[in-house]
Amino acid sequence: MATFDYDLAIIGGGAAGLTVAAGAAQLGVKTLLLEQEPALGGDCLHFGCVPSKTLISSAKAFHLMRSGETYGLPSCDPGPVDFSQVARRIRDVIATIQVHDSVERFCSLGAKVEFGQAEFADEHSLRIGGTTVSAKRILIATGSSPSAPPIEGLDTVDYLTNKEIFSLEELPASLTVLGGGPIALEMAQSFARLGSKVTVLQRSGQVLSNEDKDMADEVLAALREEGVEVLLNTTVRKVSQENGRSIVDAEVGGEPKSVASDKLLVALGRSPTVGSLKLENAGVEYSSKGVGVDARLRTSQKHIYAAGDVTGAHQFTHAAGYEGGVVVANAVFHLPKKTNYDFLPWCTYTQPELASIGMNEKRAQAAGIEYTVWSESFSGNDRALAESQGQGKIKLLVNKKGKPLGVQIVGPQAGELINEWVAVLGGRVKLSALAGAVHPYPTLGEINKRVAGSIFSGKLFSSKVRKGLKLFFGFKGRACGE
């Protein structure tokens with residue numbers, strides 16, 4: 001019987017890798033965690049979720065400072081933003097969270113951490129820093145990196161990705177953003193609120209292409225109202241640089257357009273980080289889209305797993321954490337646990353936020369599923385009106401049997417509101433239970449109860465019910481109006 005240095009080796013110290021390392025080590029599995037960056041935490045902590053949400057909160061606070069008249073307060077001009085202070089706050093927040101993702105913590109749990117570039121020597125062996133180690137089972141959790149699209153001249157100019165934008169020392173007077181996805185729009189709104197003149201160039205005729213158009217258009221309208229120029233149906237032909245400024249030559253709806261700015265942000269998708277792993281030495285199949293896995297997250301080599309962005313499937317930190325739990329179930333407990341993404345939530349953190357879970361109309365139509373849409377507007381939610389955030393709505397999709405298929409929310413704190421639907425849909429709670437639940441007043445969460453209740457109100461207040469009540473109890477009908 002073969003012997004190995006470790007029971008489990010993990011390549012990548014992001015959400016998926018850390019979840020597996022913490023779980024496996026605490027269960028007595030001899031675990032080695034390998035990370036190529038100088039600190040654990042992955043892209044989310046250092047270049048993604050944490051710095052972006054920190055920047056968003058700073059931009060929101062600055063926006064509120066200048067929006068006093070909306071709330072019956074004096075107008076305020078706080079002056080220009082010192083972006084170096086914003087960047088310092090971002091670093092401070094990262095450092096605070098880094099303690100949780102420290103080498104010391106994982107060593108205390110029982111996992112050994114080593115830093116350096118890892119590559120496969122064979123299906124059970126890894127080389128790192130001139131040393132070869134072996135493991136009975138291996139997890140590939142190396143994440144993803146920003147994609148560089150094949151645009152003429154892009155490789156000759158200085159452009160930003162999510163890896164550089166949070167460490168700027170000066171606020172750019174103008175910023176061009178290539179892309180109309182979540183990262184692109186979150187950064188566009190944030191920098192516009194801080195004082196940059198922002199132009200977004202989107203290839204398709206809709207921002208947030210995976211969302212229903214009516215929901216995405218709510219976000220688009222909000223950005224445009226705040227001064228962000230969003231150009232749809234745009235084809236970028238060439239990028240150049242003159243006197244330190246970026247020049248983007250494009251076509252918008254077939255018409256030529258040139259956009260000049262101090263900084264250029266490229267947010268056109270991500271690619272799996274696999275190039276340096278030498279997966280062919282281990283016989284692991286992969287493509288430009290990512291490492292292929294089955295429902296148990298096993299690669300073509302059944303003892304080698306892959307989770308997180310590197311699979312190219314669901315590029316969310318919470319998805320990576322969930323997949324880490326599936327890997328622990330299979331690799332440690334030997335349970336045939338399969339992934340299930342039916343009710344995986346996600347959120348774009350613009351203002352308004354756009355959160356989704358389950359199927360939206362696009363997915364239901366693509367799957368050929370018949371559905372009915374129930375909707376409620378935030379203009380009918382008292383808490384939203386009190387906070388001057390009455391824009392947006394919630395959409396609930398149900399099938400022919402009245403079972404929920406999915407929920408989309410565009411409006412204030414949509415990312416928090418979707419959490420109730422995580423419990424309802426994941427726990428298979430009946431909509432009647434949600435409709436009958438007592439929610440505190442006034443709260444944004446009442447909109448969840450209201451959209452569920454709308455399904456039953458039509459039946460409850462029908463003419464058939466009124467006639468029955470009149471027959472049995474002698475009610476006399478309307479007291480006012482026809």
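Predicted model: local features only at pLDDT ≥ 70, side-chain atom pairs only at ≥ 80, totals over all residues.
Biologist: What should I know before I start?

Modeller: Local features here need pLDDT of at least 70, side-chain atom pairs count only at pLDDT 80 or more, and totals for chains, interfaces and linings use all residues. Residues are numbered from 1 along each chain as its sequence is written, and side-chain values use heavy atoms, with hydrogens and water left out.

Biologist: How many disulfides does a search of the whole structure find?

Modeller: A disulfide is a covalent bond between the sulfur atoms of two cysteines. The cut-off is a pair of cysteine sulfur atoms within 2.5 Å. Here the whole-structure search gives zero. Take Cys 347: the closest cysteine sulfur, in Cys 49, is 11 Å from its own, too far for a bond.

Biologist: Is Cys 347 buried or exposed?

Modeller: Buried means under 20% relative accessible area, exposed over 50%, and partly exposed in between (1.4 Å probe, protein chains only). Cys 347 is buried, at 15%, while Cys 76 is partly exposed, at 38%.

Biologist: Which order do the strands of the open sheet have?

Modeller: Strands of a sheet pair through backbone hydrogen bonds, either parallel or antiparallel. Strands are DSSP runs of E, at least two residues, numbered from the N terminus, and two of them pair if DSSP finds at least two bridges between them. This sheet has four strands in the order S10-S9-S8-S14, with parallel pairing. Its edge strands, S10 (229–231) and S14 (263–266), each pair on one side only.

Biologist: How many bridges join S8 to S14?

Modeller: Four, with S8 covering residues 174–178. Along these strands, Thr 176 stands opposite Leu 264 in S14.
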